[in-house]
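Please look at the sequence and the model below.

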Amino acid sequence: MSIDLDQLRTDFTNTPLDEADREDALHLLLRERRDDDAGLLRHLLAEETAAHQEGWGVRETLVLAALLLAECGREEDVWALWEAKNASFDTMAGLDGFLLFPAGIAGTTAHVIAGEEHPERGDLMTYMSEYLEYEKLTDEDIREHIAGLRSHFAH
């Protein structure tokens with residue numbers, strides 16, 4: 001299947017995508033991501049997350065989907081990113097923690113703190129706190145890490 005990105009943007013929930021199709025779509029989005037692609041990226045990340053719950057390792061497509069969604073900068077996407085990180089033992093180790101701060105440290109942390117009803121809130125808060133304490137990250141560090149990861153995929 002040749003990916004028609006414009007059609008996929010309008011009808012992604014009804015378009016069956018296999019592993020190769022998701023990879024093609026993500027690489028197209030790497031070059032042509034728009035601000036309104038967050039819904040499509042959430043969908044692609046959910047598909048990659050589900051695939052990783054069934055297997056071993058960390059495919060680059062999961063990392064790319066997480067990167068592109070994090071770049072959208074929406075605090076609410078922290079939950080989808082956390083779910084991807086928790087898909088398996090391998091994804092917990094292989095998906096970088098800096099991707100869990102799509103709206104920066106303060107904005108994302110405030111969103112998680114406010115999410116009192118979310119069942120993953122406590123675990124995510126603990127992870128974020130320990131990660132930030134260990135890594136001593138700033139928003140600038142996160143932006144640099146994201147730029148470096150993007151550069152990796154762009155080549």
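A salt bridge is taken here as a side-chain nitrogen of Lys or Arg within 4 Å of a carboxyl oxygen of Asp or Glu. By that criterion, the structure holds 10 salt bridges. The model is predicted, so local features need pLDDT of at least 70 and side-chain atom pairs count only at pLDDT 80 or more, while totals for chains, interfaces and linings use all residues. Residues are numbered from 1 along each chain as its sequence is written, and side-chain values use heavy atoms, with hydrogens and water left out.

One of the salt bridges joins the side chains of Glu-48 and Arg-22, at 2.6 Å from N to O. Glu-48 belongs to helix α3 (residues 38-53) and Arg-22 to helix α2 (residues 19-32), so this pair ties together parts that are 26 residues apart in sequence. Helices are DSSP runs of H or I with at least four residues, numbered from the N terminus. Both Glu-48 and Arg-22 are buried, where buried means under 20% relative accessible area, exposed over 50%, and partly exposed in between, with a 1.4 Å probe and protein chains only.

A second pair is Glu-71 with Arg-33, whose closest N and O atoms are 3.6 Å apart. This pair links distant parts of the chain, with Glu-71 in helix α4 and Arg-33 in the loop between α2 and α3, 38 residues apart. Arg-33 has a relative accessible area of 25% and is therefore partly exposed.

Arg-42 and Glu-76 also meet in a salt bridge, at 4.0 Å from N to O. Since Arg-42 lies in helix α3 and Glu-76 in the loop between α4 and α5 (78-85), the pair ties together parts that are 34 residues apart in sequence. Arg-42 is partly exposed at 29% relative accessible area, and Glu-76 is partly exposed at 39%. Elsewhere, salt bridges that share partners join Asp-6, Arg-9, Arg-34 and Asp-37 into one network.

Next comes helix packing. Two packed helices are described by the angle between their axes and the distance between the axes. Axes are lines fitted to C-alpha atoms, for helices over the stretch in contact, and angles run from 0 to 180 degrees between N-to-C directions. Helix α4 (residues 60-71) packs against helix α9 (residues 139-154) at about 135°, with the axes 11 Å apart. The two are therefore oblique to each other; angles under 35 degrees count as roughly parallel, over 145 as roughly antiparallel, 65 to 115 as roughly perpendicular and the rest as oblique. The contact (heavy atoms within 4.5 Å) involves Glu-60, Val-63, Leu-64, Leu-67, Leu-68 and Glu-71 of α4, and Ile-146, Leu-149, Arg-150, His-152 and Phe-153 of α9.

In a further pair, the axes of α7 and α8 come within 10 Å and cross at roughly 155°. That makes α7 roughly antiparallel to α8. Ile-105, Thr-108, Thr-109, Val-112 and Ile-113 in α7 meet Arg-121, Leu-124, Met-125, Met-128 and Leu-132 in α8.

Helix α5 is mostly covered, with 6 of its 8 residues buried. These are Val-78, Trp-79, Leu-81, Trp-82, Ala-84 and Lys-85. The cover over them includes α3, α4, α6 (89-94), α7 (104-114) and α8.

Lys-136 has a positive phi of about 55° although it is not a glycine, and its relative accessible area of 60% makes it exposed.
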